[in-house]
Amino acid sequence: MKNYLACTTALALFPGIALAQEAGDPVDENPVILVTAERRAENVQDVPISIVALSGDTLRERGVDNLDDLTAEVPSLSFVDNGNTKYLNIRGVGVTESAPNQTVGVAVHLDGAYIAREFTFADAFFDLESIQVLRGPQGTYSGQNASGGAIFIESARPVLGDIDGYAQFTLGEYDRRSIEGAVSVPLGNQIAARFALKAETRDSYYTNLGPSGNTMVVGSLPQPGDRRNIVGRAQLLWEPAADFQFRLIHQFSNAESDGTPFQNDTAENRANPFILNYNQTPYSRNRTKYNRTTATARWDAVEAFQVNAVLAYQSTSHLTGGDYDRTGVASAQGFTALEDDYWTGEVNLLSMSDGPFEWTVGATFLDYVQEGDVYTERGPAIETGLGRNFSVKPVRSNQAVFGEVGYRFTDTLQLKVGARYNHERNGFERFLIYPMGGLDNSGPSAPFPSNNQFVTFNNMTGRVLLNYEPNPDHLFYATVSRGYKPGGITATAQEYDSEIVTNWEGGWKGTLLEGLLQGSVSAFWMDYDGFQATVQPDPQDPTSRRTNNVDNTRIKGVEAQLSVLAGGFTGDVAVSYLDTGYGDFDDTIPPGAIGNPAPIGINLEGRPLNFAPEFSLTGGLAYEIPVGTGFVTPSIRVSHTTEQWVTFFQLPYHRIDERTLVDLRLTYEPNDDWRITAYATNVFDEIYVSNAQQTTDGIGAFMLGAPQEFGVQAAMRF
C-alpha cells in the first residue's frame with residue numbers, strides 16, 4: 001500500500017532522505033528523493049554536501065506549512081518572521097537586520113528559479129515534490145546571496161497520460177480551517193496540466209482588548225497574528241519527445257493578517273503574554289500579494305550534453321503596519337509599503353557521457369527593482385509633524401557565469417573544481433525623505449546623497465571537492481567552498497563591501513547493518529569576512545544608520561543525522577552544534593537602552609552571531625500497526641533549540657528563548673487512498689519567545705511561539 005507515514009518518518013533527516021516503503025520490502029529497494037543541488041538529478045546519498053531533503057508527503061504529514069515549521073525539521077536553519085522583514089539564516093549566515101540596502105544570504109529557489117527577496121519565501125509549501133536545504137556556501141551553482149546556503153523548493157509536476165491528485169482538509173483549534181488539493185489532467189499524449197490550491201484561515205493566538213480592555217469590543221478590533229491565506233498554482237507540461245520537455249508555471253498568493261503581535265517587554269505583559277491592548281489604526285494589517293510566472297525547458301541536444309533553461313518574472317505587493325507603540329495610547333502608528341518587480345533566469349549545459357570527465361557550464365542573471373514608502377512617525381512626532389516619511393527605489397542587477405569540472409581518477413576517487421564569476425550593480429534610483437510631511441507626503445522632500453547613486457562589485461566564488469567512495473555503502477568528502485553576499489550603498493551614500501564566507505568541511509554519508517541504519521556526519525570551519533553590521537547612533541532617526549564590514553568572524557560546528565527503518569518501525573534524529581563569534585568591532589549602546597544615561601562603548605569580538613543557536617535537535621519515532629486491511633500509526637516528533645540573539649547588542653530583551661517542542665500524531669489509513677490524522681502540536685503548551693525586536697529603547701518587544709493546538713486532518717488520493 002502507499003505508506004504515508006513511512007514516507008513521513010523514514011530517513012527524512014538522513015541526510016534528508018525520505019523513503020517510501022511497502023511493508024516487508026527490503027530496505028535497499030526503497031526509492032529515494034532525487035535532488036538537484038548540482039543541477040543533476042542525483043540520489044541525495046551521493047551528493048557530497050550537507051543537505052536535508054524532505055518529500056512532499058513528509059511535509060504534509062508533519063504539518064510543515066511554512067519556513068517557520070521547517071526550522072523544527074532542519075538543524076542549523078533559523079527563520080524569524082518580523083512582519084515587514086524576514087530573517088533567514090543557515091549556520092548563522094544569512095540576513096540579520098532590516099534595511100532596504102540589505103540582501104539575503106540564503107538563496108531560495110522555486111522550481112529552479114531564484115526568489116530575490118524574503119517576503120514570499122514562506123507560502124509556497126503546498127503540492128510539493130520536495131524541499132532541499134543545502135547548508136554552507138553554495139558559490140558555484142547558487143551564486144550571489146548563497147553565502148549561508150540554499151533552499152530548493154520543487155512543486156509537484158503534471159502527470160502525462162493519467163489523472164492524479166489529492167485533497168486534504170484540516171480543522172483545528174483557534175478556528176483553523178484549511179483546504180488543500182491538486183489535480184493533474186492529461187490534455188493528450190504529450191501535454192498535461194496540473195492545478196493546485198490552498199486556502200487557510202485561523203484566528204490569532206492573542207486577544208486584543210483595545211485601549212479599554214473591554215472584552216465586549218474584541219469583535220470590532222484588529223486581532224494581530226491571525227491568518228487569511230490563499231495560494232494557487234497552474235502548470236502546463238509539454239513533452240513532445242523523450243529528449244525535450246517544457247514546463248510553464250504560474251503561481252499567485254494573497255496572505256493577510258491584522259498585523260504582527262509584538263508585546264512591549266514589561267512585567268505586566270510577561271504575566272499576560274497573550275493579551276494585547278492595541279489601539280485601532282487604519283494600518284493594522286499585513287498583506288503580501290504576488291504573481292510569479294516561471295518557464296523551464298530541458299533538451300537533450302546531443303549524446304554529449306543536456307541543455308536546461310529557466311526564466312521567471314515576479315511582481316510583489318507587500319504592506320505591513322499598525323500600532324507601533326503597542327499600547328492603547330494613540331501615539332504611534334505607521335506602515336511600510338513595498339512593490340517588487342524582477343526577472344531572473346539561468347541556462348546551463350550538463351555533460352551526459354559516462355567517461356571519467358563530468359562538466360557543467362552556465363550563466364544566470366537578475367534584474368530587480370523595488371518601489372517603497374516607509375512611514376516611521378512615532379510618539380509626539382504625530383502632534384508636531386516631525387515624523388519621517390521615506391520614499392525609496394532600490395535597484396539590483398547581477399550577471400554571472402559558472403562552471404565545474406569533475407574527474408574520476410578511479411571508481412572510488414573523484415575531484416571536482418568549480419568557479420563562478422559574479423558582476424553586481426546595487427544602489428538607489430530614488431531615496432527621498434519628507435521631514436515635515438504627513439501620511440500624504442505633503443511636506444517638502446529632501447533627496448538623500450544616495451539618490452541615483454550606484455556601486456558595482458565583482459566577486460569570484462566556487463569550490464574544490466574531493467570524494468572518496470570505497471564501496472556503495474560509504475562516501476567520504478572534503479571540500480573548500482566560498483560564497484558571498486554583495487555589498488552596497490546606504491541612504492547617506494556610504495559604501496560597504498561584500499560578505500565573503502570560506503568554508504572548510506569534511507563529512508561522511510553511509511549505511512550500516514545492511515541498510516537498517518543510515519547516517520551522516522559533517523564538520524566545518526567557516527571564515528566570515530566583511531560581515532555587514534549596521535549601526536544607528538540615533539534610535540529615532542533611521543537616516544543615521546551606517547553599515548560597516550567586520551572581518552575575522554568565525555563559525556565552526558558539527559552536524560549529524562542517524563535513522564533506522566526496520567519493518568513497521570521508523571526513527572530518526574538529527575543534531576547541530578554551532579560555535580560562533582564576531583570579529584573585532586566597536587559599537588555604542590545608545591542612551592536609555594538599559595537605563596544608561598549616557599552612551600556605552602562595547603566591543604563585539606567573540607559574541608555569538610545573531611540567529612545562530614548553539615545547539616539544535618530534531619527527531620521522531622513511528623510504528624505502523626496493521627488493523628484490518630489498513631494501518632494505524634502513532635508517531636512523535638521532538639525538536640529542541642537553544643537560545644538565539646536578534647542583535648549583536650544582546651541586551652536582555654534581545655533574546656529568543658530556548659525551547660523543546662513535542663508533537664503527536666495518530667494516523668489511520670483504511671486503504672491506499674484515504675488517511676485520517678488526529679494531531680497535537682506543542683503538547684506541553686510551552687510558552688516561549690519566538691522573536692524579539694532589535695530596538696534599543698530600554699523596553700524591547702517580544703512575540704510568542706504557537707501554543708498548544710489540537711486538530712484533525714483528512715486526506716484522499718486519486
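Figure 1. Q235 lies in strand β15 of a model that is predicted. With a relative accessible area of 4%, Q235 is buried. A polar atom of the Q235 side chain lies 2.7 Å from the backbone oxygen of A156. Apart from neighbours within four places in sequence, Q235 is in contact with S155, A156, R157 and P158, with A192, A193 and R194, and with R247, L248 and I249.

**Figure 2. Salt bridge between D258 and R228.** The side chains of D258 and R228 meet in a salt bridge, with an N to O distance of 3.5 Å. R228 belongs to strand β15 (residues 227-241), while D258 lies in the loop between β16 (244-257) and β17 (263-264), so the pair ties together parts that are 30 residues apart in sequence. D258 is buried, at a relative accessible area of 18%, whereas R228 counts as partly exposed, at 31% relative accessibility.

**Figure 3. Salt bridges of R62 with E73 and D572.** R62 forms a salt bridge with E73, in which the closest N and O atoms are 2.5 Å apart. E73 is located in the loop between α3 (67-70) and β4 (77-81), and R62 in the loop between α2 (56-61) and α3, so this pair connects parts that are 11 residues apart in sequence. R62 also meets the side chain of D572 in a salt bridge (3.8 Å, N to O). Here the partner D572 lies in strand β35 (residues 569-581), so the pair ties together parts that are 510 residues apart in sequence. E73 is buried at 6% relative accessible area, and R62 counts as buried at 8% relative accessibility. D572 is buried, as is R62.

**Figure 4. A network of salt bridges.** D65, R176, K198, E200 and R227 are linked in a network of salt bridges. Side chains of opposite charge can pair when their charged atoms come close. The count of salt bridges comes to 33.

**Figure 5. The nonpolar cores.** The largest nonpolar core has 46 residues. Within this core, L67, L70, L88, F125, I131, I151 and I153 touch the most other members. Not counting residues up to four places away in sequence, I151 touches L67, L77 and L88, the run V106, A107, V108 and H109, and the run I131, Q132 and V133. A second, separate core of 23 residues includes F531, V535, I555 and F648. In soluble globular proteins, nonpolar side chains tend to be buried together.

**Figure 6. G148 in the loop between β9 and β10.** G148 is placed in the loop between β9 (128-135) and β10 (149-155). G148 counts as buried, at 1% relative accessibility. The C-alpha atoms of G148 and Q138 are separated by 7.6 Å, the two residues being 10 residues apart along the chain. Beyond neighbours within four places in sequence, the contacts of G148 are I90, V93, G105, V106, L134, R135, G136 and P137.

**Figure 7. T677 in strand β44.** T677 is found in strand β44, which spans residues 674-681. At 1% relative accessibility, T677 counts as buried. The side chains of T677 and T667 are joined by a polar contact of 3.0 Å. Leaving aside neighbours within four places in sequence, T677 is in contact with E61, with R665, L666 and T667, and with G711, V712 and Q713.

**Figure 8. The whole chain and its confidence.** The protein chain has five helices and 47 strands. Of its 718 residues, 57% count as buried. The chain exposes about 27,100 Å², of which carbon and sulfur atoms supply 58%. Among contacts between residues at least 6 apart in sequence, 67% join residues at least 24 apart. The average pLDDT of the chain is 86, and 90% of the residues score at least 70. Over residues 1-31 the pLDDT is below 50, and this stretch has 114 contacts in the model beyond near neighbours in sequence. The pLDDT is also below 50 over residues 378-386, a stretch with 16 contacts in the model beyond near neighbours in sequence.

Conventions:
Residues numbered from 1 in each chain as written. Predicted model: local features only at pLDDT ≥ 70, side-chain atom pairs only at ≥ 80, totals over all residues. Heavy atoms only, no water. Core = buried A, V, L, I, M, F, W, Y, C linked by side-chain atoms within 4.5 Å. Buried < 20%, exposed > 50% of the residue type's maximum accessible area, 1.4 Å probe, protein only. Contact = heavy atoms within 4.5 Å. Helix = DSSP H or I, 4+ residues; strand = E, 2+ residues; numbered from the N terminus. Areas by Shrake-Rupley, 256 points an atom, 1.4 Å probe, with all protein chains shown as cover. Salt bridge = Lys/Arg side-chain N within 4 Å of Asp/Glu carboxyl O. Polar contact = N/O pair within 3.5 Å; in protein donor to acceptor, adjacent residues only side chain to side chain. pLDDT = per-residue confidence, 0-100.
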